[in-house]
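I opened my notebook to look through this structure piece by piece. Here is what I looked up, in the order I wrote it down.

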Amino acid sequence: MAAKKASESFSKTLIEEVHKWGCMKQTGVSLRYMMEFGSKPTQRNLLISGQFLHKELPIRIARRAIELESLPYGLSEKPAVLKVRDWYLDSFRDLRSFPEIKNTNDEREFTQMIKAIKVRHNNVVPMMALGVQQLKKGMDPKIVYEDLDEIHQFLDRFYMSRIGIRMLIGQHVELHNPNPPLHCVGYIHTKMSPVEVAQNASEDARCICLREYGSAPEVNIYGDPKFTFP
């Protein structure tokens, strides 16, 4: 079955609203602010956070949906990319259909909805990779994919934005956790050890190396194991 254009699958009103919201300015949120704000997840703070996301997420999601419609080299028409675009349009519609958040019950319902949105978008990265593969198959063999700077720049922007959206949702959802892990404020680890992160990463890499080649080099990590930061 041929993939449909957004105008065929979604109402004209919705598409117009996506373009309207995509022109609005998004609000930057620093990790420091998220950590300070989330250190006291009172019902009032959760309500403020929910009200902010109710306005902010549609802007960010609309921007990505618009960008997915206008990619170079015909990437926008690939079935996998159309699937991703539909996920973004569905999520935009869900957010815009949700009424104004006025109290704690509204905020809890909103939190459940954005949790579902986050799950919907779990496979965006492999699906976009599939779209790129579909593009490569139909390309002139003389064209080197690595030289297509416009697509690489789009993917960098797209994935960075995706991280931002998932961080905003994940942070809000995690602030509802009644038993947060030690030294954590939502998604933010306040006492992260770079030495420990490097050790874990090198062990993972060594395991893959051992599995593939039967041996792996020793990795020495230098640094103060007591040094931490958020």
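**Entry 1: two loop residues**

I began with Tyr73, which lies in the loop between H4 and H5. Helices (H or I, at least four residues) and strands (E, at least two) are DSSP runs, numbered from the N terminus. I noted that this is a predicted model, where local features need pLDDT of at least 70, side-chain atom pairs count only at pLDDT 80 or more, and totals for chains, interfaces and linings use all residues. Residues are numbered from 1 along each chain as its sequence is written, and side-chain values use heavy atoms, with hydrogens and water left out.

What is the phi of Tyr73? I found a positive value of about 60°, although Tyr73 is not a glycine. I reminded myself that most residues other than glycine have a negative phi. Tyr73 is partly exposed, at 43% relative accessible area; buried means under 20%, exposed over 50%, and partly exposed in between (1.4 Å probe, protein chains only).

I then went to His183, in the loop between H8 and strand S1 (184-185). His183 also has a positive phi, near 65°, and counts as partly exposed at 35% relative accessibility.

**Entry 2: the largest pocket**

I wrote the definition down before looking. On a 1 Å grid over the protein atoms alone, a pocket is an open set of points where a 1.4 Å probe fits, with protein on both sides within 12 Å along at least five of seven lines; lining residues have an atom within 4 Å of a point. A volume is the space filled by probe spheres set on the points, which are joined across faces, edges and corners.

The largest pocket holds about 230 Å³ of space. Among its 13 lining residues, Val29, Tyr33, Phe37, Ser49 and Phe52 are the closest to its centre. Helices H3 (31-38), H4 (43-69) and H8 (149-174) each give two or more residues to this lining. I counted by class and got nine nonpolar, four polar and no charged residues. Ala, Val, Leu, Ile, Met, Phe, Trp, Tyr, Cys and Pro count as nonpolar, Asp, Glu, Lys and Arg as charged, and the others, Gly among them, as polar.

Is Ser49 buried or exposed? Ser49, in helix H4, is buried, with a relative accessible area of 13%. Not counting residues up to four places away in sequence, Ser49 touches Phe37 and His172 (contact means heavy atoms within 4.5 Å).

Val29 sits in the loop between helix H2 (12-22) and H3 and is partly exposed, at 29%. Leaving aside neighbours within four places in sequence, Val29 is in contact with Met34, Phe52, Arg60 and Leu168.

**Entry 3: the second largest pocket**

This one has a volume of about 150 Å³. Its lining includes Val29, Met34, Arg60 and Leu168. H8 gives the most to this lining, with three residues.

**Entry 4: helix H7**

Helix H7 (residues 124-137) has 14 residues and reaches 20 Å from its first C-alpha to its last, close to the 20 Å expected. The expected span is 1.5 Å times one less than the number of residues. In H7, I listed Val124, Met128, Gly131, Val132 and Leu135 as buried. They cover an arc of only 100° around the axis, which puts them on the same side of H7; the arc is that of the directions from the helix axis to the C-beta atoms. H4, helix H5 (79-97) and H8 are among what covers them.
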